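Welcome! Please take a look at the sequence and the model below, and then let us walk through them together.

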Amino acid sequence: MKSKPVSRQVTSQKVIRILVIIVLILVSLFLGKQVDWVLTPVRQLFSIVGLPVILAGVLYYLMNPLVDWLEHKYHVRRTWTIIGLFVLIAGLLVWGIVALIPIIRTQTLGIINDWPSYWHHASNEINDWLNDPKLSALRDQVDQWNTNASKLLSGKVTKYLTGTVSSITSVVSTVTTVIIGLITMPFILFYLLKDGHQLPKYLAKFIPTKGRASFLQVLTEINAQVSNYIRGQLTVAFFVAMMFAIGYWIIGLKFALTLGIAAGILNLIPYLGSFLAMVPSVVIALVISPWMLVKVLIVFVIEQTIEGRVISPLVLGSSLKIHPVTILIVLLASGKIFGLMGVIFGIPGYAILKVLISHLFAWYREQSGRYPDDEVANDDTSADEKSER
C-alpha cells in the first residue's frame with residue numbers, strides 16, 4: 001500500500017486544524033448565547049460607542065480621498081486639510097440650521113398633522129375606484145388590509161401609552177446617547193483622517209510575517225469595497241433627493257423639500273427605498289387631484305430613468321459585483337435578523353464576507369491541490385491579459 005505524499009499529509013493536517021478551529025468558534029458562539037449576561041457589557045459598550053464610530057467611519061470614507069489627494073499631489077499636511085474640511089462642514093451646518101431646518105420642520109409638522117386626513121381621503125378614493133363589481137375581491141382585500149393596519153396602529157399606540165414612564169425613560173436615554181455620539185464623533189473622525197491610513201500596517205504587526213502580505217491585501221480589498229459602497233450610495237442618495245425635491249417643486253406638490261429629502265434618505269435602501277418614498281407622495285397627490293397623481297408618477301418615472309441610466313452607472317458602476325437578486329435576498333435576510341441596521345449595513349457586510357470567503361477559498365484551493373484545472377485556467381487567463389497589455 002502506497003503512503004500519501006508528505007505534502008498531502010501536511011495539507012490534510014492543515015485542513016483538519018481549520019475545521020477544528022471553525023468547530024471551536026461555533027461552540028464558543030453557542031456557549032456565549034447560553035450565558036447571555038457575559039455579552040451584556042459588550043452590547044452596552046457598543047450602544048454607546050457604536051453611533052459615533054459609525055458616523056465617523058462614514059464621514060471618513062467621504063473625506064479621506066480629498067485628504068489623500070491633497071497630501072500626495074500638493075504635499076498639504078493632513079492636519080491642515082482636516083481642519084479646513086471641518087470649518088467647511090461647520091459652515092454648511094450653520095447654513096442648514098438657519099435656512100433649511102425651519103422649512104423642513106414646518107413641512108414635517110404639516111405632514112404629521114394632516115396625515116390622518118390624507119390617509120382617510122386616499123383610502124376613500126381607492127375604494128371609489130374599486131367599486132366596480134369586477135374588482136369586488138380586490139376591494140375586500142384592500143378593506144381587510146386597511147382594517148388590519150388600523151388595528152396594528154391602535155395597538156402600538158395603546159402599548160406606548162400604557163408604558164408611558166418606560167417610554168419616556170427610553171426616549172431620554174436615546175436622546176442622551178445621540179447627543180454624546182454627536183459630540184464625540186468629530187474627535188474620532190479627526191484622528192481617523194489623521195492616522196487611519198496607518199492602521200492596516202499597525203494591525204499587520206500582530207500577524208505572523210508570512211501572512212502579512214495576504215492580510216494587507218484582504219484589508220485593502222475590504223476597504224475598497226466598503227468605501228466604494230458608502231461613497232456611491234451617499235452620492236446617489238444626494239442626487240435622488242435633489243431630483244425629487246426639484247421635480248415636486250416644479251409640479252407644485254406640497255411639502256416638496258421634505259419629501260425629496262425623505263426620498264434621498266430612503267434611497268440608502270437599495271431597490272426598495274425609492275418605492276417606499278413614493279407612498280407619502282402618492283397619498284398627498286391623491287388628496288389634491290388625479291392630475292397631481294399623474295404628475296407625481298411622471299416625476300418618479302423620470303427620476304428612476306435618470307438614476308438607473310446615468311447616475312448609478314457613473315457613481316456605483318460594478319464595484320461591488322453583486323447580483324441584484326443577491327442584494328434583495330441579503331436585504332430581506334439582514335432586515336429580518338437585525339432590523340433597520342441590518343437593512344442599512346447588510347450589503348457592505350455581505351461584501352466584506354464575500355472578500356473574506358473568496359480569499360479563504362483561494363487559500364484552500366492552493367493548499368489542497370484539488371483544483372489543478374482551475375489553476376491552469378487561471379494561469380492561462382492571466383497570461384492572456386498580460387499579453388493584451
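How many helices and how many strands does the protein chain have? The protein chain has 13 helices and zero strands, where helices (H or I, at least four residues) and strands (E, at least two) are DSSP runs, numbered from the N terminus.

## Reading the model

This is a predicted model, in which local features need pLDDT of at least 70 and side-chain atom pairs count only at pLDDT 80 or more, while totals for chains, interfaces and linings use all residues. Residues are numbered from 1 along each chain as its sequence is written, and side-chain values use heavy atoms, with hydrogens and water left out.

The predictor's confidence in each residue is called pLDDT and runs from 0 to 100. The protein chain averages a pLDDT of 78, and 75% of the residues score at least 70. Among the elements of the chain, α8 has the highest mean pLDDT (91), and helix α13 (residues 372-388) has the lowest (51). Over residues 385-389 pLDDT stays under 50, and the model has zero contacts there beyond four places in sequence. Where pLDDT is low, the predicted coordinates should not be read in detail.

## The chain as a whole

Of the 389 residues of the protein chain, 24% count as buried. Buried means under 20% relative accessible area, exposed means over 50%, and partly exposed is in between (1.4 Å probe, protein chains only). Among contacts (heavy atoms within 4.5 Å) between residues at least 6 apart in sequence, 67% join residues at least 24 apart.

## Helix α7 and its partners

Two packed helices are described by the angle between their axes and the distance between the axes. Axes here are lines fitted to C-alpha atoms, for helices over the stretch in contact, and angles run from 0 to 180 degrees between N-to-C directions. Helix α7 (residues 212-251) and helix α8 (residues 256-266) have axes that come within 7 Å and cross at roughly 155°. That makes α7 roughly antiparallel to α8; angles under 35 degrees count as roughly parallel, over 145 as roughly antiparallel, 65 to 115 as roughly perpendicular and the rest as oblique. Residues of this contact include Phe244 and Trp249 of α7, and Leu257 and Ile261 of α8. By class, they divide into 12 nonpolar, two polar and no charged. Here Ala, Val, Leu, Ile, Met, Phe, Trp, Tyr, Cys and Pro count as nonpolar, Asp, Glu, Lys and Arg as charged, and the others, Gly among them, as polar.

The axes of α7 and helix α10 (residues 290-315) come within 10 Å and also cross at roughly 155°. That makes α7 roughly antiparallel to α10. Met243 and Phe239 are among the α7 residues in this contact, and Lys295 and Glu303 are among those of α10. The contact of α7 with α10 has 14 nonpolar, four polar and three charged residues.

Is Asn267 buried or exposed? Asn267 is buried, with a relative accessible area of 7%. Asn267 sits in the loop between α8 and α9 (273-288). Not counting residues up to four places away in sequence, Asn267 touches Gln233, Val236, Ala237, Val240, Gly273, Ser274 and Glu307.

Gln107, in helix α3 (residues 78-129), counts as buried at 16% relative accessibility. Beyond four places in sequence, Gln107 touches Phe255, Ala256, Leu257 and Thr258. Val178 belongs to helix α5 (residues 164-195) and is partly exposed at 34% relative accessibility. The C-alpha atoms of Val178 and Leu51 are separated by 7.4 Å, although these residues are 127 residues apart along the chain.
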